[in-house]
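Please look over the sequence and the fold below.

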Amino acid sequence: MPPRTAGSIGAQKIVLGSVGSTNKSAADLIRLSKVQHGAVIVANEQTEGRGQRGRTWQSHPGLDLTFSVVLMPGNLRAEEQFVLSQVAALAVRDTVAEYCAGEVRIKWPNDVLVDRRKVAGILIECELEGERLRSVVVGIGINVNSSEFDEDIAATSLRLEHGSPVDLELVLDHVLERFEHYYGMLRSGREQLSEAYRQWLWARGRWADLLLDGQLVSGRPMDVDAHGRLLVEFEDGKVAAHGLDRLRFAPR
Ligand code: BTN
């Protein structure tokens, strides 16, 4: 992979041993002005990996990838932040697809699944300055060489899908290259970015079990709107857009 030019995603790479959470390390480094836009903080081990909705993220030291990308998006407004979810999820999806024969899709908002099993998760944390995003930390966890998961979690890894061990560095490089590609589309390719996200949206057009305000309902995900809300067709034929505050996929 050619060296990255200053300011590009991954041009500044900070490799750490054991940390609580790379998202936390990234936020600390931003506060200390030690990192620039595009910096990547990678850890061999996370002792307090954070997941979505206050959950923890488990990974195996030396076997999996845990890293955070620092973004300083300039003029992006807080209400536009879903585009960063699209960028990150597509970058990870493309990378995972290189190693897997199964279908690799994005489960709204930004889980990456191989068939029905989760292989990667993304946690985005933002600092605001008025209505603008001052800095954003995109935390990415990919199950690369792990082969054992809690029984109650439908998870998989690149190794399990690929059939042999996978090089962590190559996976990281691939994600960063795709990240740069999709991030570049924020300037003039937003429609194509949304189209790519829609193309890979898990369960699109299929009936799925959802929880709406805690109630189990059946709905067909169709698309995502500009605010990142999932557009769903319900059994009564009505289509409505809901955010994560009200809607989620029912746990299986
Ligand atoms: C999820 O699916 O729940 C999101 C998981 C995000 C995990 C990554 S690992 C690197 C970064 N640091 C963290 O503490 N969390 C994210």
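What follows is a short tour by topic.

The model is predicted: local features need pLDDT of at least 70, side-chain atom pairs count only at pLDDT 80 or more, and totals for chains, interfaces and linings use all residues. Numbering starts from 1 along each chain as its sequence is written, and side-chain values use heavy atoms, with hydrogens and water left out. Helices (H or I, at least four residues) and strands (E, at least two) are DSSP runs, numbered from the N terminus.

**The sheet**

- Five strands make an open, antiparallel sheet, in the order E11-E10-E9-E8-E12. Strands count as paired if DSSP finds at least two bridges between them.
- Strand E11 (239-242) and strand E12 (247-249) are the edges, and each pairs on one side only.
- From one strand to the next, the twist averages 50°. Angles run from 0 to 180 degrees between N-to-C directions, with axes as lines fitted to C-alpha atoms, for helices over the stretch in contact.

**Strand E10 and its two partners**

- Strand E9 (residues 215-224) and strand E10 (residues 230-234) run antiparallel, joined by five bridges.
- Arg220 has Glu233 of E10 as its bridge partner, and Val224 has Leu230 of E10.
- The hairpin of E9 and E10 has five residues between the strands, and Gly228 takes a positive phi near 85° there.
- E10 also pairs with E11, in the antiparallel sense, over four bridges.
- Glu233 stands opposite Val239 in E11, and Leu230 stands opposite His242 in E11.
- The hairpin of E10 and E11 has four residues between the strands, and Gly237 in the turn has a positive phi of about 90°.
- Four of the five residues of E10 are buried. Buried means under 20% relative accessible area, exposed over 50%, and partly exposed in between (1.4 Å probe, protein chains only).

**His242 in E11**

- His242 lies in strand E11. Its relative accessible area is 12%, so His242 is buried.
- Not counting residues up to four places away in sequence, His242 touches Trp108, Leu212, Arg229, Leu230, Phe234 and Leu247. Contact means heavy atoms within 4.5 Å.

**Helices H4 and H5**

- Helix H4 (residues 168-188) packs on helix H5 (residues 190-199) at an angle of about 130°, and their axes are 6 Å apart.
- H4 and H5 are therefore oblique to each other. Angles under 35 degrees count as roughly parallel, over 145 as roughly antiparallel, 65 to 115 as roughly perpendicular, and the rest as oblique.
- H4 brings Tyr182, Met185, Leu186 and Ser188 to the contact, while H5 brings Arg190, Gln192 and Leu193.
- By class, the contact of H4 with H5 holds four nonpolar, two polar and one charged residues. Ala, Val, Leu, Ile, Met, Phe, Trp, Tyr, Cys and Pro count as nonpolar, Asp, Glu, Lys and Arg as charged, and the others, Gly among them, as polar.
- The buried residues of H5 are Leu193, Ala196, Tyr197 and Arg198. Their cover includes helix H2 (82-97), strand E4 (104-107), H4 and E9.

**Thr95 in H2**

- Thr95 sits in helix H2. At 0% relative accessibility, Thr95 counts as buried.
- Its neighbours within four places in sequence aside, Thr95 contacts Val171, His174, Val175 and Arg178.

**Cysteines**

- The whole structure has zero disulfides, a disulfide being a pair of cysteine sulfur atoms within 2.5 Å.
- Cys100 is buried, with a relative accessible area of 11%, whereas Cys126 is partly exposed, with 29%.
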